[in-house]
Structures are given as C-alpha cells and as structure tokens.
Amino acid sequence: MTTLEHASSLAHAPQRVRLDRGTITSLLFGLLGVALIAGVAPAIDSTTRRFNLERPPDPAGIGFHPPTWIIAISVFYLITAILGFSPHAARRWAGLSRVLSALGLVPLALVLSLALSDNAGTNVTNLFSQSLVLATPLALGATTGLWSERSGIINIGIEGTMLASAGVGYMTYAVVGEASATGWLWFSILISVLAGGLVAALHAVLSIRFGVNQIVSGVVINLFALGLTGFLRSEVIFRTGNTSGVSTSDVGLPLLSSIPVVGEQLFRGGPIYWMMYLVVFGTWLVMFRTPWGLRVRSCGENPHAAETLGINVLRVRYQSVILGGLIAGLAGAWFSMESQGGFEDNMTNAAGFIALAALIFGKWTPWGAFGGALLFGFSRALGTRLQFLGVEVSGFEIPSEFFQSLPFVVTLIVVAGAVGRSVGPAAAGAPFQKSR
Amino acid sequence: MTDTVLEVDSVTKTFPGVVANEDVSLTLDEGEIHCLLGENGAGKSTLVNMVFGLYRPDRGTIRVRGQDVYFEDSGDAIAQGIGMVHQHFQLIPVFTVAENIILGNEVTKGALLDLDTARRRIHALAERYGLAVDPDARVGDLSVGEQQRVELVKALFRDADILILDEPTAVLTPGEVDDFFGVVRSLTQQGKSIIFITHKLREVLAVADRITVLRAGKVVGSTTAQGATQQSLANLMVGRDVVFRVEKADADPGVPVVRVRGLRSQDDRGAETVTGLDVEVRAGEVFGIAGVEGNGQRELVEAICGMRPATGGRVEMLGEDITDWNPRRINQLGVAHIPENRSKHGVVAQYSIADNLVLNRYSQAKFSARGVRNTSAINAEAAALMEQFDVRATGASAALSTLSGGNQQKVVAARELTGELRILVVAQPTRGLDVGSIEFIHRQIIALRDRGVAVLLVSAELDEIMALSDRIGVMYRGRLAATVDAADATREALGLLMATGSSSATDREKQ
C-alpha cells in the first residue's frame, strides 16, 4: 500500500539540513565571502597599509596588501558556508568556523577601512587598550546585573544606578572638594559607590518588599536618575562653578608597563579600570567558591528549595542586589571622575543597557560577561577610530553617526544571532513570598 | 522499649477561609514507619510543613524527644534532626549533586567551599544507606529516581533522624517503588524514624508500621498495618464506601479511527523521543499506553493533537491525514484532548469557570453573535455542565484558580467531553486527584467508550491503565514495545516491559 511505503520512507529518510540559526549564519558568511571576492577585492586600493603597534613618529608595525587579506578572509567565509551545509562528520566544525568567522569581521573591518581611507596606517595597540578602557563601565555594569539576577531580581535599572552615582559622586567632589584635591576625589568616589548601593536598595525594597514588577521598578529608576541628575547638575554643580575637575591619574603596572613598544599602552590605566579586574575576579571567587555565593545562586534558581534548607531568601536577595548597586556606583564614578572630570546629562549613554547585553552574552557568568564587555568596548573603540580614519566609499565619506551606532548594531547582532540560546537564572523576576 | 521521638499535640492551623488542620495529634516512635494517609486537601502536607518549620501552628505543641520546640524556619527543624523529602523535589537543576546537598549547610575550608570533603562525606553516606549518587552529576540530568536519592542524602547529610517523605512514590515506576521500600526499611533498621505520606493504599499496607488517616483536616482514624485492609482505609479516607473496580462491560470495538504510522517527534531540547511509533485505536475501545515517564508519551500525545510537529510518519484520524494540522482544526474534527499538564495546556486559571468551559466553543453561534459574547448563554451552559460533572464551586463566575485540582480537572473534562465527540486523547487524567474524583473521571471515560468513542489513554499509573483499558501498549524509548489484551495483562509483566522494553529480561537475568 502506498501510504505505508510513504510512511516508511519518511521514517528512514536521512536527517535533512535545516535552515536554522546556524545554517543561515553560515550561508550569510558564504554570501559575504562571494561578494568580497567578486566585488570588493578587485576594486580596492592595493597600496601597502600598516598596522602600527606604537605611537608616531616612526612606529613599529606590520605592513600588508589589503586585497590579499580580504581574499584570505573571504576564502575562510566560503569554507564556513561549505561546512555549515556539508553532511555529517564535517558539520562538527561548523560551529567553530562560525565563531572564527565572526571574529574575522574585526580584521576585515580594519583592513577595509584602512584601504578606503587616505591614512597609511593605524595604531592597533592603542585600539586594543582603548577597548579595555571602554569596557570598564560595561564589565562593572554587567557584574551589577550578575549579582542582582543571580539572586533572582531582574535589574534593568543598571543604567540609572550608574548615572545617579556618577552625578551624586561628582556633585560631592564639586561641592566639598572644589573638584581638585585628590583626597576629596577618593572621598567622592566612595560617595558614588554608596549612592549606587542606595539606588539598588530602592530597587530591592520595591521589588522584594513590595513585589513591584521588577521591570517597572528598573524603568522607574532609570527615569528617576535622569531627572535627579539633571536637577543636581543645573542647580548644584553649576552653581559651584566647578563644572570640570581633575580626574584620577593613570597607574602603570610595575615591570609590565616597561615592556618595549606595547607595555606603556597596555599596562597603564586609571585606578577604577584596575579595580574592574578585581571586581570581576572577586565576583567569580565569591559567587562560585564560597557558601554565600552558592546561596545567592540557589535563590535565583529555586528560592523555595533554598527556603526549605533554612536559607533566608529575602535577606540574601537584599544583600546581593545592594552589593551589585555598590559595583554600579563604582562604574558611575568611572564616568564622572576617571574617564573625564565632570558630569554631563545622560553621560552614561546607554552603557547600562549594553552591560545587560554583555551579561546575556556571557550567559550570566563573570568571565563571560567580561568577554561581552570587551566585545562591546571594542566595537565602541573601533567606531571612534573609524571616524578619525575618514573612510570614503567612491568619493562619499561615511558619516560619523554610522560609526557611533556601531556598538548598538553589534549588540543587536550578537544578542539576536551569534550567541544562541542563553538561559538566565530560572527564578529571576518572580517575587518570592516567605511561607507562613 | 521504643521511645517517642516526635509528638504532635492538638495542633490547629488555619489559612484565610480554611481550617487546614484541626486538633491534630500524632506520635512517631523511634525506628518506625508511620504512614499519613488522606485525600488531597486533607491537610497532610500542612501538618508536615509545620513539623518541618515551614508553617507555624496557630495552636498546639510539637515536641521532639520530649522537648517542646518552636520553629522559626526550617533551619530550626533541621537543627533538631528533622529532614524532609518534598513531593516536588526541592532541588536546583543547574547545580551539581554535591552543591545541592551542601547548600545551607556548607562544608568550608577557610572562607571557601570545600567540595572535596563534601564529596567524601556524600560517598560515605551513599555507601552506608545504599543510596548511590554521583556528587559531580548535574541534578537536571538525573532521572527522577536518582533525584529522589539526592533528596534523601541531602536530609541524611544534615544528620536527620526523623525523615518526612511526602508522596515519595508518586514519581516512581513499580520496580523503583520496591527498591525504594528496601531503602526505607534499611533506614529504619539504622535507627531513623519515618513519616511517610501517601494516598496509595497498596503501599501503605506494604510498608507501614502504624497508619494515621486524615480527612478534612482532622484525624479520623489510627491503626496498624495488620489491622487494616485497602477497603477499610479507603472508606476512612473518603468517608463513605468506595468502589474500587471500575464497572465496565466488554468492549464492542468497531473500525480503527486512529491510525498512527511511523510517527517521529522531538522533545523541547531537540532529542528524538518518539522514534517511529505505530498504533491503531478502534471506535468503542480504550487503548491504554503504559510506560515510565519520559519514554516519549508527552511528545506522542502532543504530536497527535497538533501541539508539536511530527518530524516523520503520519497520523490519520477518521480517514483524514491530520499530520501537522493545528489543534483547533483537529478539535473541530471531533477529537477531544485532556492534556497532561492541566494548568499549562488545559485551562486559563485566571478566567472564570464559565469562560473555561467554553474555551473551545466560544466562537460558535450559540455563544457569540457578530463578535460579541452571549454571556447569558455561556452562563447557562456553564451551570448545566457544572451540575452534570459535579464541579463544586461557589459559582460559574468564580476564577478557575480558586478550585481544587480535582474540580479543575472536572472542568477540563466537562469542556472536552461535551459536543460531537469521536475520539478522546487523554493523558494522566487523574494525576493528583483524590479517590472520589478518580472514580468520577474513570466512569466518564468508560461511558464515552460505550458510546463508541475511541479513547487513547496515556497514564503512568499502572492501576489506572489496567482498570480502564481494553488493549494496552507499553511505550519504551519512543515506540510500543508490546501490545497486549488487557484481559491477558498482569502487573508484573507490564512492569517488566516498562522497565526493560522486553518481556524476557528476567529469563536472561536468571541465566
């Protein structure tokens, strides 16, 4: 009977290649490779360009021919596409090749931009150290979110927490320290940190004590911080006349910063920048190696289980959310007292939201989130760099707004496409009620 | 001479509007297994939650080894040597076994966790009580039986000598239940005392030393296992005479109306769990699918009812190829579905009872005209159905979430079993229900069969399968390992098929 034959042929058919996220990504890389080989590589200026490793004059560096590199990367993209659609054994490598392809977009963008601009070279060491510096508030913000969400409280108020503490910290500096004395600078950074803890405590009370929807509470904090800091700036900071001040000075790591060529650029940075590494490491250590960290994670996964073991879920959540807030306060201080001395309205400029993306990218782990922060920090640094290179396509200079949007485009692509499924703490967002 | 280790003395606990426990007393002797028996909502869980410090009694006293105790939280109860294995495991799936066990009672070296010492202690406990667990496995990857062992080790890790087991067998296969009883007995031999909560009479008689029966929050009887029968316990539980056997005549099957051929489907994680399954169900018969949970039953039912894509094979109903039709279209063909997960797929808990009763028919001319709902017709229908199906509630406009599980299930049944019905697909229809509701649902299913409806019944309860089915298929690793006539089926043979997928495993083991 035909239906039976049909059924059995279906039953034994080899697994079809499906158009899922992975294969579509592979396909897109393949198409990009074809376009680059056929359209871009022949047309591009083939004069030698340089990746410099140090500042002018006469920097050490690597020279290259743009078309060669573009073709090399394109060939790899074609291989990715083939692996993505090849049957069985070879498909094992498809995932790895996609990740490498995504990383390949970085040299591709640099090579293309250099080839399309009048500059003969660009300093890549500096680009890398800029990425690390710009990753600082993102990594700290992501750590804030990590503490909060691992304990079960969703926190989209990171942006507002950072902004409020940036404003309050600098206000303290401007009022009591006249924006210059080092001692007062450190005092103000401490105030920033405490302000972050205070804003987080507000979020904690709203969402733990009163069971307010955690998204709503986070939005409220973001709006509140905008209004509060706008007010403080015009009514307090302006009136002191200290609208700009002395920021923290860079610290070089002994020995490492005296490595020839790259040391001075890579191992020199502000104190908050260095603290960021300590915070990320400390977060990992406490959260994954101590009893209290284990309890925090249990409250974010199954608070009822934690309760049956005698753990005070509400207290752990308060502690964890407020600790996160203190970290956001440090990030706030980075904005107004390290990256520059002064406060501007909305100076955090969505860093808190990108930090959340970094957290998701890192699958709610400290080092993963740090990796995400690095990626977004790099895209921001790259955007700035490309603005200065003056990239032209057939006589049309690409507007700077395009490059400024780069971090957000990268965020979108990364969160929607490249990461795949990232599952957060199971109980995040659900208010917990103690048994009576 | 045995000592009393735990004494619950005239304890009363009320929740807003409900007296959950009224003047309940209970004693537990050292080394005994004390069964707490009662229907759902009788107050068993409330009682043990007070003993475990999760609830605080309004009146009355709890004494541990002769001392009055007052528990602020379960940490205090744990400190008194009380451990509890909850009906819904209180485990964290993404943690390892060791992390789950030490949580709240962490072993440390300096400020840091000392997982090596924890592992050693877990191994020692596992050895001593015959509870094999791998400290480094992720709990989410473990089977239900293994998770239960983790829960037991968790309690023993805290030096519990009074163990409360809340419906521990509900999730186990017949074979696992026997193993579990062995573990429980070895625990009591080593001096542990156990409160064992269940509503399965067979188990009570198999394992209990003493039995206390609760009904509507009060103790209605206390006896020993020797002095009780299944019938006497059931009557105590329900408060009236209970009919155990489902009364049914021989089936009079007609032509096959459900034809499943080589069906394949995947679970949510993309693993193929239905692996080329064939089944036929005839009009006027109940075809029961037995099997240990997780052998693809859920995906089978969902694929048949259009809730999950089939990745291979086909499903025919009433001569139509319905493979990958949407659920509404399948429903309109005359196929009713009582889903396994009532609260997720069967009802909208926030809606009223009336709205839930017409969820599949609200757009029919009878209940709405020109896009406006006819509330009076809906309410009239709801009142009639609630009467017919004995749904006990304050009224048709009450939110469904205010009903007990049994009454919620009756609402689902009332909705699904009304109208032009040719085929019924029903999964775990009496899970979590009490004896009275089970009786009712079973009678409805048989009544439908006698009207010529083809019934596909999926259940993890072997008793239910055997009581209702005319033919039984055992599902093992995504297909039917065997199909037998219910008349020829024995509990033991089916249990073996469920566990091994083959009926000759014992022969091989004996050799």
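Some conventions before the content. Residues are numbered from 1 along each chain as its sequence is written, and chains are lettered from A, with ligands numbered from 1, in the order in which they are written. Because the model is predicted, local features need pLDDT of at least 70 and side-chain atom pairs count only at pLDDT 80 or more, while totals for chains, interfaces and linings use all residues.

I start with chain A. Of its 436 residues, 46% count as buried. A residue is called buried if 20 or more other C-beta atoms lie within 10 Å of its own, exposed if 12 or fewer, and partly exposed in between, with C-beta atoms placed from the backbone. As for contacts in chain A between residues at least 6 apart in sequence, 76% join residues at least 24 apart. A contact here means that the C-beta atoms of two residues, again placed from the backbone, lie within 7 Å.

Now the domains of chain A. The assignment gives domain 1 (17–116) and domain 2 (125–418), with bounds that come from an automatic or database domain assignment. The centres of these two domains of chain A, taken over C-alpha atoms, are separated by 32 Å. Where they meet, 10 residues of domain 1 of chain A are in contact with 12 residues of domain 2 of chain A. On the domain 1 side, α2 (21–40) and α4 (94–116) of chain A each supply at least two residues, and α4(A) gives the most, with 5 residues. That side divides into 6 nonpolar, 2 polar and 2 charged residues. For these classes, Ala, Val, Leu, Ile, Met, Phe, Trp, Tyr, Cys and Pro count as nonpolar, Asp, Glu, Lys and Arg as charged, and the others, Gly among them, as polar.

Next, a sheet in chain A. Three strands form an open sheet in the order β2-β1-β3 (chain A), and the pairing is mixed. Two strands pair if DSSP finds at least two bridges between them. The edges are β2 (61–64) and β3 (121–123) of chain A, each pairing on one side only. On average, neighbouring strands of this sheet are turned by 15 degrees against each other, direction ignored. Strand β1 (residues 49–52) of chain A pairs with β3(A) in the parallel sense over 3 bridges, and R50(A) stands opposite G121(A) in β3(A). Helix α5 (residues 124–150) of chain A packs on the sheet and touches β1 and β3 of chain A, its direction making about 40 degrees with that of β3(A). Axes are lines fitted to C-alpha atoms, for helices over the stretch in contact, and angles run from 0 to 180 degrees between N-to-C directions.

Over to chain B. Chain B is divided into domain 1 (4–238), domain 2 (244–334 + 420–511) and domain 3 (342–419). The centres of domain 1 and domain 2 of chain B, over C-alpha atoms, are separated by 33 Å. Between them, 9 residues of domain 1 of chain B are in contact with 11 residues of domain 2 of chain B. The largest share of the domain 1 side of chain B, 3 residues, comes from α8(B).

E167(B) has a positive phi of about 45 degrees although it is not a glycine, and lies in the loop between β9 (162–166) and α6 (174–189) of chain B. R477(B), also not a glycine, has a positive phi near 50 degrees and sits in the loop between β23 (471–476) and β24 (479–485) of chain B. E167(B) is partly exposed, with 19 other C-beta atoms within 10 Å; R477(B) is partly exposed too, with 14.

On to the cores. The largest nonpolar core has 157 residues, and F196(B), V455(B) and L457(B) have the most contacts inside it. Such a core is a set of buried Ala, Val, Leu, Ile, Met, Phe, Trp, Tyr and Cys residues joined through C-beta atoms within 7 Å. A second, separate core of 95 residues includes A81(A), I327(A), A351(A) and A355(A).

Last, the interface: 28 residues of chain B are in contact with 22 residues of chain A. The chain B side has 11 nonpolar, 10 polar and 7 charged residues.

Technical notes:
Helix = DSSP H or I, 4+ residues; strand = E, 2+ residues; numbered from the N terminus.
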